[in-house]
Amino acid sequence: MNMIQAINSALDVMMGRDDDVLVMGEDVGYFGGVFRATAGLQQKYGKTRVFDTPITEIGIIGVAIGMGAYGLRPVPEIQFADYIYPALDQLVSEAARLRYRSAGEFTAPITVRSPYGGGIFGGQTHSQSPEGIFTHVSGIKTVIPSTPYDAKGLLIAAIEDNDPVLFLEPKRIYNGPFDGNWDRPAKNWSAHPGGAVPAGYYRIELGKAATVREGGDLTILAYGTMVHVVQAVVEEAGVDAEILDLRTLVPLDIEAIEVSVKKTGRCMIVHEATRTGGFGAELSALVTERCFHHLEAPVERVTGFDTPYPHSLEWAYFPGPVRIGQALKKIMKD
Amino acid sequence: MSGDVPANRPPLSLHVPEPRFRPGDAVDYAHVEVPPAGSARRPEPGDAAASFHELAFGLVRVLDEENRAVGPWAPRLSPDVLRQMLRNMALVRAFDERMFRAQRQGKTSFYMKSTGEEAVSVAAAMAMQRDDMCFPSYRQQGILITRDYSLVEMMNQIYSNRGDKLQGKQLPIMYSAKDYGFFSISGNLATQYPQAVGWAMASAAKGDSRIAATWCGEGSTAEGDFHSALTFATVYRAPVIFNVVNNQWAISSFSGFAGAEATTFAARAVGYGIAGLRIDGNDALAVYAATEWAAERARTNAGPTLIEHFTYRAEGHSTSDDPTAYRSADEATGWPLGDPIRRLRDHLIAIGEWDLERHAAQDLELAEQVKRAQKEAEANGILGHGLHQPLDTLFDGVFEEMPWHLREQQAQMLAEEEASGRPWARK
């Protein structure tokens, strides 16, 4: 399966298992979603469980919270993560706080799916990586898969989770892994082990990183599309790096990070999102605080630049093989 | 930019609304149109939303100048129900008086009264079923009181004391009472509007028979959530009642800053294809009748209703507010729709089911009831006397299960507490 099919399958499995799961969002119903992630679900489960919504992100999230308070398990979709901002108040002030402020009387067991990330010539409003805005909010979980297999297992776990989960889907790798070489032919998931997806129910626990490559010389922390870019750069450079795919940013698998960095003595963090105040800053601080005496070099951050996401200059902006390669040399030299 | 105006065009001017009366001004309400009680027609609950135009611009009133209940909206309630309604409203006012004073005495940090608006919550709650879900703003304490929620529980929350179900986490009056159909109050305005629609949609999707109702002030109608909620509600014909409590003031901003100079708030419903009723919010029988009507409309899948309750915020916005700084002191006393408690009292007297002696005795009794509750609540502590919640509850409920980073921070906090030597640290 590709990642879209895996997500579709996760929704199908969960809707089949639990009558309270429902899917809502712009164009998700009859049409099956602008990325086809919800294709066929309305035909199978009916219009009261899979339905199109008006174009109002405040409404989509606010209504989902109300449905959650009733006892349902809504999976609202925000068409692009770039368009989640109108719903920020509902997510930050309401979904994330509802359990806390009502001392558990009311909860928001919602899973907000949203395609995110760049690498597709999406320009300023179809490329952003806003995860750092949400990891700063207490009460919301943030999950980002990097393979079809993980996408399905993590999405099932997110839907079953009783806390609000932001599930960001790296749209650059919906159809195949991307190694950062935009000028080479695209690959599809059939040749990648992460493309083998069981048809039925399975789950991947939230809060657990995956070691996608074992190594002894340095630890690279990445998630989403960047996992594949990093992997390709590491293989090409012949560096013995350990690559951790974080998969869940909150709650974070701190144990896996600590164990790895203490073993390798070096840590590099890679994300597409802009640098300042990005999630990489939190990771860097945690590694420095907890592994200080094991570090042989300063923690290195490879990120998008602190600019809006450009259109024609995309590949100068994107933290691709060159930027990662240079950072690798720098961190290994120390 | 310079203010240069091309010679052949007239200069534009910006209109900034200004209330009619500022501190010290004499008040004249001649501009407020008050149609006679009983003059508004009562449509069928299933009528098309497009037919409600004049009801959205008019004013549904039941109690007339002689305190009789007249016209097609008169709900014909038994004297027992009317007396209960009066009692509930009077209890809300007694509660408000007592808690306002408690704040002034330093027993809690904050309070908000609903003086003059008691009918809006009490009569509406009485017209709904007990298991219908309410998504209130912070000024509908009358719902809780009408549904017989414990005054002591309310006060425990206000005092953030040992008995506070919300573990001292919430600002006073931000109640939450799921078993009483009272959704957790948020400080963020109008967020409850789309949430109520979602709850109602869920009820409909599940084939349930319960409906939802939500409340906001006229000021909050300017929030984007209001628009989103009305759009969703009309699209899916959600079984929900939107209440807009137009009390003329949003803290210091008069209703003109929410658009009241140009139209009514009920008229907003027209553009969404939602039934809109504008009613006398100080007429408990009008509130009851309109809510009962809207509930019937919702319950028969005929869709949502927006009710504008035309009323007046008789006191300050909150204990942190001094209304004499921005409005005339005469506004409340001169308000043409009077006082909701007094009007219902006089109606009961007019129909021979009540008298001033009983009313005075009831006021005394309610004051005593509130006082007893206060004593009981204060036995659990007041805010001024230190923290009453086990300290480590601070981290409860951020997530269902506590992740490592919160466990670490909790341990840090308890270590700080140990170091401080203060006595209230242990759970």
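Helices (H or I, at least four residues) and strands (E, at least two) are DSSP runs, numbered from the N terminus. By that count, chain A has 12 helices and 12 strands. The radius of gyration of chain A, taken over C-alpha atoms, is 19 Å, close to the 20 Å that the globule rule gives for 334 residues, so chain A is as compact as a globular protein of that length. The globule rule is 2.2 Å times the number of residues to the power 0.38.

This is a predicted model: local features need pLDDT of at least 70, side-chain atom pairs count only at pLDDT 80 or more, and totals for chains, interfaces and linings use all residues. Residues are numbered from 1 along each chain as its sequence is written, and side-chain values use heavy atoms, without hydrogens and water.

| Chain A property | Value |
|---|---|
| C-alpha span along principal axes | about 60 × 45 × 35 Å |
| Accessible surface (Shrake-Rupley, 1.4 Å probe) | about 11800 Å² |
| Carbon and sulfur share of that surface | 53% |
| Buried residues | 65% of 334 |

Buried means under 20% relative accessible area (1.4 Å probe, protein chains only). A:S284 sits in helix α10, residues 279-291 of chain A. A:S284 counts as buried because its relative accessibility is 15%. Beyond its neighbours within four places in sequence, A:S284 is in contact (heavy atoms within 4.5 Å) with A:I269 and A:V299.

In chain B, the UniProt annotation "domain: Dehydrogenase E1 component", from an unreviewed entry, covers residues 87-382. Such annotations may be inferred rather than shown by experiment. The end C-alpha atoms of residues 87-382 of chain B lie 28 Å apart. That span is 44% helix and 11% strand.

Key
Chains lettered and ligands numbered in written order. Buried < 20%, exposed > 50% of the residue type's maximum accessible area, 1.4 Å probe, protein only.
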